[in-house]
Amino acid sequence: MLNISGVTVRLGGRTILDRATAALPPKSRVGLIGRNGAGKSTLMKAICGLGEMDEGSIEMPRDARIGYIAQEAPAGDATPFETVLAADTERAALLAEAETCVDPDRLGEIHERLGAIDAYTAPARAARILVGLGFDEEMQGRPLDSYSGGWKMRVALAALLFSEPDLLLLDEPSNHLDLEATLWLENFLKGYRATMIVISHERDLLNNVVDHILHLEQGKVTLYPGGYDAFERQRAERLAQQSAAREKQMAERQRLQAFVDRWRAKASKAKQAQSRVKALAKMAPIAAATEDPTLSFAFPSPDELRPPLVTLDMAAVGYGERTVLSRLNLRLDPDDRVALLGRNGNGKTTLARLLAAQLAPKEGEMTASGKMRVGYFTQYQVEELDGGDTPLEHMARQMKGATPAAVRAQLGRFGFSGDRATQKVGSLSGGERARLALALITRDAPHMLILDEPTNHLDVDAREALVQALNDYSGAVVVVSHDRHMLELTADRLVLVDGGTAQEFAGTLDDYTDMVLGKGGDTAKPKPAKSNAKDDRRAAAAAREKSQGLRKAVKAAEEEMAKLTAQRSAIDLAMFDPKSAQPAYANLTMTELMQARGKVEKALEAAEARWLEASEALEEAMAA
């Protein structure tokens, strides 16, 4: 269906795509992945003809219809329903022609073609797609200009899906969606019958929808069969093979070079030496199998507070005269991990702002610990960062009175060490800005983190790093996210915001998925007894505490091993080069040095045993 042959694209003097080559099978569903800034959108624009290539070609059937969402969202007085119907341009043109056509033969051809393209079922299909993306019947009939940019992009996505192109191109389609719409989209794409390429960082979508992964790295593309988990396994094997091949080649180069250095000057061996010089010149070096630098997240742990952190008792909250949520009864403890579920517009952000004390209750009571500190993350904070300042300047303003070392240390927890702290924010990627925003809101080690869609700008690897950091964090977490994988790994309580209130959801995230997609039987499951919910929370907290303790044990053992190894090296230096000995060992006899070395060796063996035991226990705990 699609052949990418030697595509090279340079932007601003930098090579984004470097002779990228791949052949995509017909009707394949391909996940296009890579680190932020790798060139995924550049390649997609080249495929759909919106970007120029410096070299190479992209071949596909001449009559293939390509579908791609434009940068500008639709606008005007047209309704979402009208906009989606108009996306089928052939249907719209045939219907317009039928209204004025007087030739009975041509009119018959028109109606025959309308039947062939299912034109008469189009209104029902358009409505189903809009409902799936969050538009109820009333919303489908409102003018586009009454909607925000995010909702307009949903209309654009609905129109694209309705048009059913032969090649469907989706660039992070879930960015403007809530969890419920993301689940519907994933289910819709599973049944898509034509070729599809989707740029996504949603691990579940990449596992459940696509049948190939096209990985873009350092300007090159590699096609892997299967979903994301299969890609990770295959790539790890490939990197291991590459590392082994490189080590073997380096050994061979050293052997050849040693022969050349030894025999170059000897006449009888000059010919053989020259042949090896040529062999060295022809040996193309195998690149080191290096990973991109891991994105760093490390939330500072707060001091302990007695539970509860926050209690809502029949509270109501809203804006001005309008009440958004009422009858709120909720308790949050220091070890809670809560995911807020519900469609956009139901009040998840309003509840988050109430918990963050940005809104006061209109009715009822909200009780919070007086010493509690809250870190509240939203996309607005990412967008409002001053592009002309550096991360260091941003953090220094927020940490007034702190030492430069403390400011640098907080930035270092989130990957902004050394020169990276003095880059202009305007030159940072979306993911780097999100990391900076997280660094800023956690500068005072908050007791509770409230994260509203924290993964929007993060790639798959960065999301995994964020999940790890949240599981290491000892405070409470409240998260709103459309990333199901993240919710499954971080949340042990589900709160459904719906119908003007918020209540504990009795089932699992899988149960909620089935409910959203209308699968299974009775979705209104009875709520479990409070004692069971408490037991579950205690068990989850105990598991986190155990995991944190094991990580500390692993780290302590590693630090002790490093210290003992350094001591052993210092003793060896004193034994074999007394003049360079450290003061602690300079005046010891050889017997005393040997005794000291024996004690260090025993201590090192014990530390290694502790490290091994803690590492194995941590692996088992993470797998449980």
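Let's start with cysteine 48: it counts as buried because its relative accessibility is 18%, and buried means under 20% relative accessible area, with exposed over 50% and partly exposed in between (1.4 Å probe, protein chains only). This is a predicted model, where local features need pLDDT of at least 70, side-chain atom pairs count only at pLDDT 80 or more, and totals for chains, interfaces and linings use all residues. Residues are numbered from 1 along each chain as its sequence is written, and side-chain values use heavy atoms, leaving out hydrogens and water.

**Cysteines**
- Cysteine 101 is buried too, with a relative accessible area of 18%.
- The structure has zero disulfides (pairs of cysteine sulfur atoms within 2.5 Å).

**The whole chain**
- Of the 624 residues in the protein chain, 44% are buried.
- You'll find 21 helices and 18 strands here; these are DSSP runs numbered from the N terminus, helices being H or I with at least four residues and strands E with at least two.
- Take the contacts (heavy atoms within 4.5 Å) between residues at least 6 apart in sequence: 70% of them join residues at least 24 apart.

**A closer look at glutamate 180**
- Glutamate 180 sits in helix 8, which covers residues 179-190.
- Glutamate 180 is buried but has no salt bridge (a side-chain nitrogen of Lys or Arg within 4 Å of a carboxyl oxygen of Asp or Glu).
- The nearest side chain of opposite charge to glutamate 180 is lysine 348, 5.0 Å away; Lys and Arg count as positive, Asp and Glu as negative, and His and the chain ends are not counted.
- Leaving aside residues up to four places away in sequence, glutamate 180 touches Leu341, Gly342, Arg343, Tyr512 and Val516.
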